[in-house]
Amino acid sequence: MLRDLEQPGPVEVETVVGAEWAVDRSKILNLAHPKSKEAGLVEGDEPIQVYFHVVRHPTRGTFLIDTGAEKALGNDRDHAAFRGFIANYMHMERMKLVHPLGDWLKDNDTRLAGVFFTHLHLDHVTGLPDVPKTTPLYAGPSEANHQALLNAFSRQGLDRSFDGRPPLNEWAFRADPDQRFDGVIDVFGDGTFFAIFVPGHTGGSTAYLARTTKGPVLFTGDTASTTWGWDHQVEPGSFTDDHAKDSEALARLHKLVEEHPAIDVRLGHQALRR
Ligand SMILES: [Zn+2]
C-alpha cells in the first residue's frame, strides 16, 4: 500500500453529507480519557454528520463507502428501516437530511457496483434501504454477527435493511506487507484502493485508502469519529467495543498520515480542519 501511496491514481472520490445529527458526546468521544479530562470536555450534544462517500474507479465502476441516510427518514419515517423503539432511543427525529441517498443516486444517475462498509453500526447503514437490492455489499470479518449492545437494540432495523439482499461479502484480510496494520487488501488488484483492517471500534472495523487523481484519501470510519478525537488521538466513546484496540488502530492511522501528510483524511462523523 505504501509503495505508490503519494502517486496520484485514477480513482475519484466525493464525500457527501447525508444528514446532520447530534449525539451525546460521551458516545462519540471517550470522555474518560485523560486527554479529554485535561481539556475539560463534558457530556453534552455533539453535532455530527452522517456521510456516504462515492468512489469512482475508471473500469470497476462506482462504489459507496457507508450509506448516509435513507430518503424515508426525511418524509416517511413510519416506513424507514430504523423506526419505533430504536429510532426513539437514538433520537433519530433529530437527524436532518441533507442529501438522502436515494435522491442523490437518482439526481446523479448513478449505478452502484457495490457498497463498502466501515462497520455495521446503524448510522452507517441508515442509507442502505435506498441501495438497489442486488448491489454487492462488503464489510470486515464477523461484522454481520457482531452483537454489540447497540446492535442488539438495532437488530430489527438492521434486519429490515439487509432483508432480501445478497449475503454480505467479508474482507478476507491478508497480512500487511508493510507490517503496519492487522491486515490490508488491494481491493481492485491494481494498487488504487485498499481496505485496511482496524478492529477496535467494532471487531470488523475497516478503513479505506484511495489513490485519487488529487492524491491519497483515507476514510477512517469510526476508528476516529470526531475532529478533536483525531487531533488528540482520543478514540470514540461508549459506541466503541474495545477502547485499547481502537486507540491502537487510531494511533496507526495517525502515524500513517504524519508520515504521509499528502493524505486527505475523511473522519467518521466530522470534517477535519486543515
Ligand atoms: Zn458512526
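Predicted model: local features only at pLDDT ≥ 70, side-chain atom pairs only at ≥ 80, totals over all residues.
**Exercise 1. Find the protein donors of the zinc ion, then decide how the site is classed.**

Step 1. Start with the atoms around the metal. The donors are Asp 123 (OD), His 124 (NE2), Asp 222 (OD) and His 269 (NE2), at 1.9 to 2.1 Å from the zinc ion.

Step 2. Now look at the angles. Among the four donor atoms they run from 80 to 162 degrees. A tetrahedral site needs all angles between 85 and 135 degrees, and therefore this label does not fit. The site is irregular.

**Exercise 2. Classify the ring pairs that Phe 116 forms with Tyr 138 and with Trp 171.**

Step 1. Recall what to look up: a pair of aromatic rings is described by the distance of the centres and the angle of the planes.

Step 2. Take Tyr 138 and Phe 116. Their ring centres are 5.4 Å apart and the planes make 65 degrees, so the pair is edge-to-face. Phe 116 belongs to strand β5 (residues 112–116) and Tyr 138 to strand β6 (residues 137–139), 22 residues apart.

Step 3. Turn to Trp 171. Its ring lies 5.5 Å from that of Phe 116, centre to centre, with 50 degrees between the planes, and this pair is tilted. Trp 171 is in the loop between β7 (169–170) and β8 (184–186), so the pair ties together parts 55 residues apart in sequence.

Step 4. Check the burial. Phe 116 counts as buried at 1% relative accessibility, and Trp 171 is buried at 9%.

Step 5. Widen the view. Ring pairs join Phe 116, Tyr 138 and Trp 171 with Phe 63, Phe 188, Phe 193 and Tyr 208 in a cluster. The whole structure holds 14 aromatic pairs.

**Exercise 3. Describe the largest pocket and its lining.**

Step 1. Begin with the space: the largest pocket has about 160 Å³.

Step 2. Pick out the lining residues, which include Glu 12, Thr 212, Lys 214, Val 217, Asp 264 and Arg 266.

Step 3. Assign them to elements. β1 (12–24), β11 (215–221) and β12 (264–267) each give two or more residues, and β11 has the largest share with three.

Technical notes: Residues numbered from 1 in each chain as written. Heavy atoms only, no water. 1 Å grid on protein atoms, 1.4 Å probe; cavity = no way out; pocket = protein on both sides within 12 Å on 5 of 7 lines; lining within 4 Å. Points joined across faces, edges and corners; volume = space filled by probe spheres on them. Helix = DSSP H or I, 4+ residues; strand = E, 2+ residues; numbered from the N terminus. Donors = N, O, S within 2.8 Å, 3.2 Å for Na, K, Ca; no water. Tetrahedral: all angles 85-135°; square planar, octahedral: opposite > 155°, others 65-115°. Phe/Tyr/Trp six-rings, centres within 6.5 Å; stacked < 30°, edge-to-face > 60°. Buried < 20%, exposed > 50% of the residue type's maximum accessible area, 1.4 Å probe, protein only.
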